[in-house]
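Here are my notes on the model, as numbered points. Please read them with the structure open.

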Amino acid sequence: MTVKVHKPKYNLKEKLDSNNLQTGQAGRDTLKSENMRELFSNTGTSRKNILINGGFDVWQRATYFAATSGYFGPDQWFSAGAAAGFIAQRLASGGTEPFASKYYTRVQMASSNTNINQNIEHTGRYMADKYVTLSFWAKSDKPVNWKSKLISGTQTELASRDSYAGMEWTYNEITFPPFSYADWGNDVAKLYFGREFSEENARLDIAEVQLEIGSQATPFERLPIYETLLNCYRYCYVLTDDGSTTNFGIGTVEGTAIAAIGLGNFPVQMYSVPTVATNSGVSFYSPTTGSRGFSVTSNRSSTAQGALFLTITSAGASPGESCSLFNNGSGGKVTFEAKIV
Amino acid sequence: MTYKIIEFNDSYSISKNTMSIPRDARNADYKQFIEDIALGNDTVEGPDVIEPSYVELRAAEYPSMVDQLDMQYWDGVNGTTNWADAIQAVKDAHPTSITGGTTVGDVPSWVQEEADAWLAAKQLADYTVAIERLSQYVIADGREEVVESRATGEQVLDEDTEEMVDVMHDVTTVTAIEPVEATVTRLVPSDNIQEDATEETIENPLITQDNAERAEAQAVVDATPQAVIDTYNGE
């Protein structure tokens, strides 16, 4: 049997272009795209941002932070090796920026080796053997070079790339080569973002950070705020003072100085059993004792629920009576931390 | 601030500053606690041991109010002293010299056990990296070529033995690398602007860096306990 194969004698794209044929909006937009970024932009298609809170929408802990190390303002982003004078803060876009996000982050570097990082859960299987592309907008108060690195779960530097931040907003796109599952080390990897030069101090404004599978950057994925919040809640969940009479949790007095308090179910299961911290804006209340101070005796939380045993300052509560933890009007916060390391 | 072990209802958590850290191996603060103890970066205090005073001890042993009233009624009817005897027995068992108080107990053994396990894992990882670094060639000495004779996959007839034999060829398995120059010369500008710069010969910085890295790796190897080396060797 003979099979004849007919090949078109003309280039379809050229033919459609030359005739300006109406192939539908999506088809026309696809054809006029010069690269993947334009294609995704023109067609409104997007892909998953591997990073959480790359748009700096969620700042549960604070919106202005001066720190030497550890976590700072924007959820999921933390500094490491920062020196005194390091500041990170949330700034609102003014409407003239070349991106659409409501906020961006300003990081004031006080010395060399200042950086921000994001640890990424469940990386290895998802990113193994694939190109990944980092994209972000950056601006500085002076022209400086910055480094972006992918770091494995065993703290091995897999790849490092220089990027540039001028005094105007600059779009940066960096593609990293594929790494095997073994290279990634385990299911937690790190994106490092910072500088390692001691010549000068500088600040860095960063917006719309996206890490995605593929060798080309696509437009920044704009998630609904509730989705970003839920993503962040897996690693940090803060009960705060939405009202002066907020009750953070209720419970039962179990001894004259001991009370058990339930703090509710978490919106999503947390990454680990969380560390719990309360500040001075949180007080204990029972009908017998009235408002009292307390200390946390035992953290009885699980990955799904917050629960504490408290020691009530000065005994005198009646076992069996109901009690609560409440915001005493001084910015009370109960913070559950299940950070990835 | 020192970590504090909290024991409550046979369950442990760790307290530091305003944090209450669960004993959960995935928790970042718990991992930091174990690391701090393993490396001696911080200290840990045992749980509070609360010794009850005579007041609490007696309160727990006095008969209930119902029983005491009952005892007093029958003592009045029968002319006995059961109620007074029972109360006195409790008082005698817990004299007022028992004032109670809070003392700090021993740190539970699991703290040191987990710190030791963490340290051993870290030493094994560091030892592995150090051995890998030392296995690299010394750049001051260069590297000699290694050539192996391997079968090409073809065979020819050996006329003497009348048997088919492999055709062999030489394969370079390790390429040679020339040693770097032992020294380099650099210009040192004079403090006096009118004088010319002078030449200075120093050790090649590449060799200096190689030597420093090798010395650092050797120090790690030397400091590694034998038990960790045995684990590395699969013993």
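1. Start with two helices of chain B. Helix H5 (residues 109–134) of chain B packs on helix H6 (residues 205–223) of chain B at an angle of about 140°, and their axes are 9 Å apart. Axes are lines fitted to C-alpha atoms, for helices over the stretch in contact, and angles run from 0 to 180 degrees between N-to-C directions. H5(B) and H6(B) are therefore oblique to each other. Oblique is what remains once angles under 35 degrees (roughly parallel), over 145 (roughly antiparallel) and 65 to 115 (roughly perpendicular) are set aside.

2. This is a predicted model: local features need pLDDT of at least 70, side-chain atom pairs count only at pLDDT 80 or more, and totals for chains, interfaces and linings use all residues. Residues are numbered from 1 along each chain as its sequence is written, chains are lettered from A and ligands numbered from 1 in the order in which they are written, and side-chain values use heavy atoms, with hydrogens and water left out.

3. Which residues of H5(B) meet H6(B)? They are Asp126(B), Tyr127(B), Ala130(B), Ile131(B), Arg133(B) and Leu134(B). Across from them, H6(B) supplies Asp210(B), Glu213(B), Arg214(B), Ala217(B), Gln218(B), Val220(B) and Val221(B). Contact means heavy atoms within 4.5 Å. By class, this contact of H5(B) with H6(B) has 7 nonpolar, 1 polar and 5 charged residues. Ala, Val, Leu, Ile, Met, Phe, Trp, Tyr, Cys and Pro count as nonpolar; Asp, Glu, Lys and Arg as charged; the others, Gly among them, as polar.

4. Helix H3 (residues 65–78) of chain B and helix H4 (residues 82–93) of chain B pack at about 135°, with axes 7 Å apart. That makes H3(B) oblique to H4(B). The residues of this contact of H3(B) with H4(B) divide into 5 nonpolar, 3 polar and 1 charged.

5. Now the sheet. Its 7 strands run in the order S13(A)-S22(A)-S16(A)-S3(B)-S2(B)-S1(B)-S4(B); the sheet is open and its pairing mixed. Two strands pair if DSSP finds at least two bridges between them. The edge strands are S13 of chain A and strand S4 (44–45) of chain B, each pairing on one side only.

6. S13(A) runs antiparallel to strand S22 (residues 333–337) of chain A, joined by 5 bridges. Leu239(A) stands opposite Val334(A) in S22(A).

Definitions and conventions. Helices (H or I, at least four residues) and strands (E, at least two) are DSSP runs, numbered from the N terminus.
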